[in-house]
Every structure is written in structure tokens, then in C-alpha cells.
Amino acid sequence: MNNIIEILFENAKKYPDKIAIVHKNKKITYREFLVKTLNYSQHFLSKGLSKGDNILIFTPMSIELYIILAAVFNIGAAAVFLDAWADKKRLEEALTIVPCKAFLGCPKAYILKLFSSKIREIPLNFVSGFIKKVKTNIEIPNVDSKDTALITFTTGSTGFAKAANRTHGFLLEQHRILKKHLKPEINDVDLVSLPIFVLHNLACATTSVIPDFNPRKPSKFNPKKVLRDIKKYNVTTSVGSAAFYENLVKKQKIGGIKRIFTGGSPVFPKAAKKLRENFINSQIEIFYGSTEAEPISSISASSLIANTKDLKKGLLVGKPIEEIDIRIIKPTDEKIEDFESSIVENGVVGEICVAGDHVLKEYYNCDTAQEFAKINYNGNIYHRTGDGGFLDENGNLFLVGRIKNRFQYKDKTFYTFPIENALLEIPGVEMGTILRINSLVVIVLESKLPKEQLAKTLIDRGFELDKLIVTKIPRDKRHNSKIDYEKLKNSIISYCTNP
């Protein structure tokens, strides 16, 4: 098979009456999904779309979104997605990198045309929810595994957002890997809050329940609505961010879910303990990966919690999956000229680089990012993750934080994760990190405890610092779980001008 849509069509033949997706009390079977996909395909072709065209999509997670996505894939076009929180500047930068032939949005999304000249320049327009059945019968183009299926943008945590070119072959390989490691069962009902996994579920003939929540605010939603759906639809598995689950269990413990998979941001032992305590008899698996490589490794919550002896070294994320080839290279902010001589031994901290069939091979129209982040070595293309880490003598992978956030202090290199984990173990601390700002080493804590009490605790526990700041720590906009270091630095720099 050349693309994931072929698998979906097979599933519609095998399981025509099985529920494919549930969202806000609406359901669609695999047969109905296929019929609508074919109709949407004809509609798009009749309006002038063709293979190779880029389509900017602004439609929220819903049944409609995945019908649109399947139809776009089916005609060989590419679906282009930006994060819902993207501002005008980010939007117009993205459309400069990825010019689009069509804009497809929900009615509310058309407000963007008032603010963005780049969107107004897009020649074709479609409104989701208003695509009607057509009588045309245009031949569907052949779609090859090398054709682009999906273009998404990285968070820009390494400096600027990059357009990830996800081909049909890439999506197929990612689906194969996820199926092997998530081990879905045919009768599973999956509560899924991470968009790409609904697509994976469709290829697995699994029923997806999309929770009633705003993906822009994964840590802020009414848990009662989601708990109602878990019970109503007999949810057996779930995929989501740590922030999503932490909010879900605020009010009560949850039973009945056999397996939970979480990722998208670092999950420290404190968060893992909370999840294990509140999801009764659930097997909780934590995945490490990125936009360009998902997954890289995994670890059970129980194994992470049990690992206490190495917390000062870094965050354990398990053994790399067998389909990934991993190398650790000397940390640098520069382009790698000689990959082989940059590789370090086990136990030495450096930048994590990965290769594999489900690792993104190229960015879309981003030559600078391609030259910096992709390395051709021994016939494989390695991706520089930007994450610092090391492999121990048993092949376990540890994370120590982003390479760009490391700093020198007293002739020693410091990374953020080991210190952040130690800070999280202080009672009353919700989140904390360490930064080098100008000549100062600054610890920032998010806590309701008095600053004087926190300062004393830090001293008692042997922390070295020049300044302590207690404030709300900004999170990343995508998962609301990771620290937004740049925003944090900008918010506290005025407090760090003087020793």
C-alpha cells in the first residue's frame, strides 16, 4: 500500500457498521466515513483542486475535520496545518514558506481573512460543514508514497518554526510503528486528544472518541464532560498530553481505562505518580518523541517512578525503540561538519540524533533548517532533535534538557532537567527551573509558599543560585506542559539586571 487512505478503505469494507469517530454525541461509521470521503474528494476535484496542491485547513478536531483530511489525502493534495494559537506573524511566515492554493476553514476561521493579506491571496476557498454532494465522477489521481500528505509546523523551540514535510510513506511507517508499540485491539474505544492519533486509529479500525475540550487549552476544560463520554462510550484506551490528564483527574479517580499513552512534553516522576494514583488499574506508558520523530523511546510510569537513583543525572525515558537508530553527538549550536567525529560514548551527555523510516527526512522549503538539522551519514538521514541526553551502559536513554538552554557555571555545564526534577520534589512547588541570565544563575519557582520559606529550603537542599524569583511560569502553547523558556526569560530579565 502506498498511502494510509488505502488502509482506511479496506477497513470500511471489513467493518462497515463499526463506529469510526464519536464527537459531541455525533457518530459516524466506517462505511459513512468512506462515502463522505469519496464525495468530498469529487467536490474538491470539481472545484479545481488537484494532486500536489497545498490546502490550508482551519477546522477544529471533529468528525468533519477527518473526512476533509481523508479526502485531501485521497486526491493527492497536501493538508497544511498551523497551531490554533498561531498569531498573524506566524501565520504569514508559514504561508510564505508553504504557499497554498486553497483555504478551508470553519465559518469562524474566515475572520482571519480580515487580518491576513496572505490568506486573502489564496485563490480557492471552502467552508467546512457546507460541502455538498456532487454528481461529478472525476478520476482520482494515483498517490505515491513519496507524495506529500501533511505539512505541519514545529513549535519553533529551536529558534524558528519549520514546516515538516510528512509524506504518505512517512505516515504509513509512523502508523506501523505506533500500531506495534501501542498494540491496539479491535474492540478498543480510544479517547484521543492528540489530533494525529485519530488518523492512526482510523487506519487501525479503532473507534476514536474526541473529547469535548479546546485543544488550544489542554489543561483547561470541564472534566465532567470528558468523564461523561468515558463512561457513556466505555472507553478502554486513551492518548493525550500530560496536561490533559492532570486536569482530567483533578476532581476524582478514574477506573476502567486499560491503557493510557502520554507524551508531547517531559513527564517527571512527580507527574507520573499523580497519573498512576488517579487512574485505577491503568497501564500508563510515556512516549518520548518530537514532530520529526514519534516515537523515539518509551517507558512505563511504574518504571519511571521506580527509578530514583539517577534523578540527578537526568530524566529517564526508557530504551529507544528497535526501529530507531540513535547517536549522541557533542553539544554545539553550530552546523555539524563531521558527524562521525562528533559522536560520543555511552554515558557522555550530548545532543540526541535519530534515524529511521519514521523519522522525518526533510522540511518543506526550509533549506537553512534542512542543512542544520539533517545529517546524511552512512546512507541514513539523522535528525538533530535539539534535546540533550545520554545513553547509559544498559542502553537506557536519559534527557537533560534542551541543548540551547545549557550554560556554564564554575567551569561546569548545567542542563535544566536534572535541576527541574529536583525542584519538583520540593513540597509546594508546582514547577521550577534554573536559568543563566547575564552573569546571574537564577532559580524560578511557581509556588504559593512564601519566598523566604522557599529560599531556606533551597539552601538546605544545597542549591547554588544568585537569585530566586517566585512567579507564574509560562508553558508552551501546544501542550501547556513544557516551560516556555524564552517567554520566561523575557518576563524576568528586568529583575536580573543587577546582582
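This is a predicted model: local features need pLDDT of at least 70, side-chain atom pairs count only at pLDDT 80 or more; totals for chains, interfaces and linings use all residues.
## Reading cores, patches and salt bridges

Reader: Where does I111 sit in the chain?

Author: I111 is in the loop between β5 (102–105) and α5 (112–115).

Reader: Why does I111 count as partly exposed?

Author: Partly exposed covers values between the buried limit, under 20%, and the exposed limit, over 50%. I111 has a relative accessibility of 47%, so it counts as partly exposed.

Reader: OK, what about nonpolar side chains in general?

Author: In soluble globular proteins, they tend to be buried together. Here, the largest nonpolar core has 82 residues. Among those with the most contacts inside it are F33, Y66 and F73.

Reader: Which element gives the largest share of this core?

Author: That's α3, with ten residues. A second, separate core has 69 residues, including I177, F417, M431 and Y485.

Reader: How many residues of α3 are buried?

Author: Twelve of its twelve, so to speak a mostly covered helix. Buried residues of α3 include E64 and N74 along with I63, L65 and F73.

Reader: What is F73 in contact with, leaving aside its neighbours within four places in sequence?

Author: Its contacts are I4, I5, A79, V143, A149, L150, H168, L171 and L199.

Reader: How do I check the length of helix α3?

Author: Count 1.5 Å a residue, using one less than the number of residues. For the twelve residues of α3 (63–74) that should span 16 Å, and the end C-alpha atoms are 17 Å apart, which agrees. After α3 comes G76, with a positive phi near 80°.

Reader: Now salt bridges. How many are there?

Author: The idea is a side-chain nitrogen of Lys or Arg within 4 Å of a carboxyl oxygen of Asp or Glu. By this rule the count is 23. One of them joins K51 and D147, whose closest N and O atoms are 3.1 Å apart.

Reader: Which parts does the pair of K51 and D147 tie together?

Author: K51 is in the loop between α2 (30–46) and β3 (54–58), and D147 is in the loop between β6 (124–127) and β7 (148–153), so the pair ties together parts 96 residues apart in sequence.

Reader: Is E446, which has a salt bridge with R475, buried or exposed?

Author: E446 counts as buried, because its relative accessibility is 10%. In its bridge with R475, the closest N and O atoms are 2.5 Å apart.

Reader: Which residues are linked in a network of salt bridges?

Author: Look for E185, D188, K258 and R259.

How values were computed. Residues are numbered from 1 along each chain as its sequence is written. Side-chain values use heavy atoms; hydrogens and water are left out. Helices (H or I, at least four residues) and strands (E, at least two) are DSSP runs, numbered from the N terminus. Buried means under 20% relative accessible area, exposed over 50%, partly exposed in between (1.4 Å probe, protein chains only). A nonpolar core is a set of buried Ala, Val, Leu, Ile, Met, Phe, Trp, Tyr and Cys residues joined through side-chain atoms within 4.5 Å. Contact means heavy atoms within 4.5 Å.
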